[in-house]
Amino acid sequence: MLFTSLPFIVFVAALILVYYAFTPYKERWALLLMASLAFYFFADPRYLIFIGVTALTAYVFAIITEDYNAKRKAYLKANKESFDTDSKKKYKNTTARVTKLLMLLALLINLGILAVTKYTNFVIDTMNSWRTEPLSFVNIIVPMGISFYTFQTVSYSIDICRGTIKAQRNFLKFLLFVSFFPQLVQGPISRYEDLSQTLYEPKKFEFQNVSYGFMRILWGYFKKLVVADRLVIALKTLTESPDEYKGAYVFVVMMLYAAQLYCDFTGGIDITIGIAQMLGITVKENFNLPYFSKNIKEYWNRWHITMGTWFTDYIFYPLSVSPTMLKLSKWSRQHLGNAVGKRVTVYISCFAVWLATGIWHGAAWHFVVWGLMNFVVIMASQELEPVYAKFHGKFHLKEKKGYAIFEIARTFLLMSSLKLFDCYRDVGLTFKMFGSMFYTFNIGKLFNGSLLELGLTSADYEVAAIAIVFIFLVSLYKALIGEDIRVFLYQKYPLFVLVCVVLLVSTLVFGAYGAGFDASQFIYNQF
Amino acid sequence: MKSMKELNKRDVLLPLCTIAGIALTVVSLWYLQRLLVPKYQRGVVEGSMIEEYYDDEKPHEVIFLGDCEVYENISTVALYRDYGISSYIRGSAQQLTWQSYYLLEDTLRYETPEVVVFNVLALKYGEPQSESYNRMTLDGMEWSMSKWNAIEASMTEDENMIDYIFPFLRYHSRWSELTAADYEHVMDKDPVTINGYYMRTDIMPEAVFPDPTPLVDYTLPETSMEYLERMAELCEQNGIELILIKAPTLYPYWYEQWDDQVRDFADAHNLTYINYIYLRDQIGLDMTVDTYDAGLHLNLTGAEKFADFIGQYLTDSFDLTDYREVPEVARLWEDDILFYDQLRDAQNAELAQYGELRSWGANAIES
């Protein structure tokens, strides 16, 4: 069920009705579990096996780990007189080692499932590029949302090992955490400590929550259907015939894709968060005005936030402080000097994060290169920081408003350039197309009506442009006032209702759906 | 539960505004649906034909079912004027056999005619053909189980029932191509037929048609024959005479093998089957002047000649009421005759002025 399909909308509407009208409020989590499993079942019944195994693995290992830790702790407490400092430390180390081993086993199984289902054919494809006798691809299903739910269980297993959360003893409740359907399709990647706070607690009907959620859903559909699915038509034409559309057209691709991806991804997240909010559940925000970022680091703190923090918490930090890295850091400081030495571990950890980010995004080399390009750009800008600071200081640029706009535009263009890897899906072609912007001078073509040959009419461009301006103004409101516009609208409730009506009707009229439009999947579905 | 005193302004405002919002949404969508659906008022008018039936107050003793071979070839006014037969053509473009069946079911919800005349050309289609033709037949039907079943039987692979229930979902993208006619006809539409007859007065002599392509299999599809069977049963159950006809036009080609199968069916079910292709001379058709599109369809003179011929047969064969003698019905027919004459005069005037029709047919298709 696609988010934009009628069965999905009916499914959600029916769920909300049954949830509040017919389900005792203490049992509502059980209804959510049934709905989530049904959602998965209707997508493909086989998916249930994969998600079931992943959930069961994480659940069982968490219980074993926690029980083991509790027993060891109790033993230590009961026999504290018989332990001296050294033996106590040794005892604790043994406990930690066993705990870590249990965690690694859980990760091995769950990441193994992810690796086999999602990356087997990628490995075969890569091997075939140097083999004379190509290996045949395997016919393997990739369960919907496997990257998202695997990462959720991985963070759960690690957090259990770290002792920062308590294990969920009710398997069905844990299964709900793993399979909660709104976020199953395209995230965000929720942490157990966050989601569990509202996922299981009895929920009463709260008019404000339901209203906020409803408007958020409408907003998501508006972005997705009016902008993203409309622009994707032109993008397809432009990227499927790269020889025909070089030079200035590549810039058009950059701009269209920036808008399309933003509206597609944030639209999907809006729908996810909106549904959850209508059900009284708080799901973490995944975006915070990313296109207002003044540098790439800030951009990545605002775009796909839950993924970024996941990689930071579960790859960057553990790697940076691992004994090997600490030894390496010490060694490099001694042999390469303090300036270089302190960077080595950061660089290696950062490299690992971006390599993993690239691979997580998809089983293809262009994603890997995209990830590494982000690494290069972030490291370069970090290294150039002192130069920038000197420059800013000399010309007092930071105090000028115009410079802030320049920084935003620069970051936007840079990130849009990197997104070209995703547009052309071929590393060599992406570099070639990017280069063509600088040696193919065909800007005049953009003004001779050729943009109307990309599958969109002038009316389509006008609708998309008006919608983008509308989205920009709403974002600007949040940037300037610092709060969601729904808060203001809700205070003036008739206006809130009117905006909902306008959003609903305009999405239904101007949305790119139904016959004549391809029901394009949400981009992050594939992850 | 709060007492009345405890209710503050906001407690009242929230539900009231929500209800108002729902009402506003429903009204907006209802209006937009009416605005966005095609109006079929000029050029391609076939999509208006089916719904016009529901506005006609007259009783009908003869109902014609089928495609353009009925709605363009038989003048209902001539049938009335010459024989007093009150008839209606429930015809539509490329009307498939199952659609004819369900239209008959639909008609029986309102009246029970004495005679149903079914044109057999569509028997050659055993599968749903095209969405646009489906729409032109099905959108105009009033909602009933017959419409639901007709849609189910007719949908092509890419179509959905929900798009028929809410045509808005199918036509929403027309927002960028709305014309003045769409706004003009939001609430009511002009009639495009006279009791289902679509008039053309222009002339284009019959051309030489290409030789028929030999077919691998001449068997008429099982599905369409099944629906013909059901049509025969339905007529029998309701005491209606079912007559099968093949209109006197030669193209699209009607194979002898098909003709034999229909004749066998008619014999087996004790029905009348008349292939008017063999009776063109008796009808008096002169295809140098009686067709407007090189022989595919008849024009007004052709349709009147055919109506005269078929009317004679109906009068001779069945005990039909002469509605010219029924004042309340005759009065209604007078209005139709007036419209018929005005339409004919308007088309003739345009022909005299331009040498071709500009407000009807392909020249009138709005872009």
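The model is predicted: local features need pLDDT of at least 70, side-chain atom pairs count only at pLDDT 80 or more, and totals for chains, interfaces and linings use all residues. Residues are numbered from 1 along each chain as its sequence is written, and chains are lettered from A in the order in which they are written.

Chain A comprises 21 helices and zero strands (DSSP runs numbered from the N terminus; helices are H or I, at least four residues, and strands E, at least two). Its C-alpha trace spans about 85 × 70 × 60 Å along the principal axes. Buried residues account for 37% of the 527 residues in chain A (buried: 20 or more other C-beta atoms within 10 Å of the residue's own, C-beta atoms being placed from the backbone).

Helix α3 (residues 47-78) and helix α6 (residues 171-179), both of chain A, have axes that come within 10 Å and cross at roughly 120 degrees (axes are lines fitted to C-alpha atoms over the stretch in contact; angles run from 0 to 180 degrees between N-to-C directions). α3(A) is therefore oblique to α6(A) (angles under 35 degrees count as roughly parallel, over 145 as roughly antiparallel, 65 to 115 as roughly perpendicular and the rest as oblique). I51(A), T54(A), A55(A) and Y59(A) of α3(A) meet F171(A), F174(A), L175(A), V178(A) and S179(A) of α6(A) (contact: C-beta atoms, placed from the backbone, within 7 Å).

The contact between chains takes 17 residues from chain A and 21 residues from chain B. Helix α21 (residues 493-510) of chain A gives the most to the chain A side, with 10 residues.

Definitions and conventions: Two residues are in contact if their C-beta atoms, placed from the backbone, lie within 7 Å. A residue is buried if 20 or more other C-beta atoms lie within 10 Å of its own, exposed if 12 or fewer, and partly exposed in between; C-beta atoms are placed from the backbone.
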